[in-house]
Amino acid sequence: MQFQQLQYFVAVAETRHFTRAAELVHVAQPSLSQQIKALERELGADLFLRARGNITLTDAGEALLPLARRILADADTARHEVQELVQLRRGRVRLGATPSLCTGLLPDVLRAFHDRYPGIRLLIEEGGSHDLVRELARGALDLALVVLPLPTPAPALTTVELLREDLVVVSSPEAPVPGREGRPVEIADLERERLVMFRHGYDLRELTVAACRSAGFEPDFAVEGGEMDAVLGFVRAGLGVAVVPRMVAARTGRGLRVTPLARPGLHRTIALAHRSDVAPPRAARELQRMLLER
């Protein structure tokens, strides 16, 4: 008895038609018929009643069908399990993240993941949440760290909240203290400051500008259009102040003054997203687990 013969047998049993079964398993119909006959000879019993235009199972066929299905299912499970293990040795993970998360959250997690799975290639794409959602939807990423709420409705994505992060104001130690000395910065205080602002598409830009407008003023940009490292460098040079995540300030804030925002402050919610209709590969699921348990 051969594994392939069981596949052909199940295909005929489910379609009740030799030609359609052959199309289903991508084999010529005469070859399929020959293999079914060989299986019947091996078992010593007919499996099908072949009345003209009507294929039905014999008692022997009825007895074999659930066993054949179980054997095929077990083989699929075995193949899947082996592939899963192989993926953890030689797979890849395509992860998207906003630049601030690449700076603040990811380095420690990715180091731990790489130490545990050194054979997994990590492909990181930086971008704003809008761009990352688009890349997820077209299958170019396995996972993405995005800022909630998403810029556009994304019913095909599953999101799991990861953390809620405070934003802080960074400034040059040589510049005047933003707001009032010794106190958290009010959003209204930023009206008197020149801001170093991120490029369009940055979630932090949209959040900061929206907060300023809610406070009744348009922010004044000293420099705009930078990525995270550039923004921090311009602030160190004394060109203005910037609103950045606390995690980024803690990790890369050397040479900067860090001042909290007054309550209720500004916050952002970070979520881990993946497509709802496609399960991430095993390596991506393992990285997802490490991020959620960090």
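**View A. Thr269 is buried, with a relative accessible area of 17% (buried means under 20%, exposed over 50% and partly exposed in between, with a 1.4 Å probe and protein chains only).** The model is predicted: local features need pLDDT of at least 70 and side-chain atom pairs count only at pLDDT 80 or more, while totals for chains, interfaces and linings use all residues. Residues are numbered from 1 along each chain as its sequence is written, and side-chain values use heavy atoms, leaving out hydrogens and water. Thr269 belongs to strand 11, which covers residues 267–275 (helices are DSSP runs of H or I with at least four residues, strands runs of E with at least two, numbered from the N terminus). When residues up to four places away in sequence are not counted, Thr269 touches Val146, Val147 and Leu148, together with Glu161, Leu163 and Arg164 (contact means heavy atoms within 4.5 Å).

**View B. Leu148 and Pro149 are joined by a cis peptide bond.** The omega angle of this bond is about -5 degrees. Pro149 sits in the loop that runs between strand 5 (143–148) and strand 6 (157–171). Most peptide bonds are trans, and most residues other than glycine have a negative phi.

**View C. Arg263 and Pro264 are linked by a cis peptide bond with omega near 0 degrees.** The loop that holds Arg263 lies between strand 10 (257–260) and strand 11, and Pro264 is likewise placed in the loop between strand 10 and strand 11. With a relative accessible area of 82%, Arg263 is exposed. Arg251 is 12 residues away from Arg263 along the chain, and 23 Å separate the C-alpha atoms of the two residues.

**View D. Leu167, found in strand 6, is buried at a relative accessible area of 2%.** Not counting residues up to four places away in sequence, the residues that Leu167 touches include Leu204 and Leu207, then Val243, Val244, Pro245 and Arg246. Also touched by Leu167 are Leu261, Leu266, His267 and Arg268. Between Leu167 and Met247 there are 8.5 Å in space, C-alpha to C-alpha, although 80 residues set them apart in sequence.

**View E. Helix 1 (3–15) packs against helix 3 (29–43) at an angle of about 105 degrees.** The axes of helix 1 and helix 3 are 9 Å apart (axes are lines fitted to C-alpha atoms, for helices over the stretch in contact, and angles run from 0 to 180 degrees between N-to-C directions). At this angle helix 1 is roughly perpendicular to helix 3 (under 35 degrees counts as roughly parallel, over 145 as roughly antiparallel, 65 to 115 as roughly perpendicular and the rest as oblique). On the helix 1 side, the contact is made by Gln5, Leu6, Tyr8, Phe9 and Val12. These residues meet Leu32, Gln35, Ile36, Ala38 and Leu39 of helix 3.

**View F. Arg16 and His26 have positive phi values without being glycine.** For Arg16, phi is about 55 degrees. Arg16 is located in the loop between helix 1 and helix 2 (18–24), and its relative accessibility of 36% makes Arg16 partly exposed. For His26, phi is near 60 degrees. The loop between helix 2 and helix 3 contains His26, which counts as exposed at 74% relative accessibility.

**View G. Helix 6 (residues 106–116) and helix 11 (residues 282–292) pack at about 130 degrees.** Their axes are 10 Å apart, and the two helices are oblique to each other. Helix 6 contributes Leu106, Val109, Leu110, Ala112, Phe113 and Arg116 to the contact. The partners in helix 11 are Ala283, Glu286, Leu287, Arg289, Met290 and Leu291.

View H. Taken along the principal axes, the box filled by the C-alpha atoms is roughly 95 × 40 × 30 Å. Of the 294 residues in the protein, 44% are buried. Among contacts between residues at least 6 apart in sequence, 74% join residues at least 24 apart.
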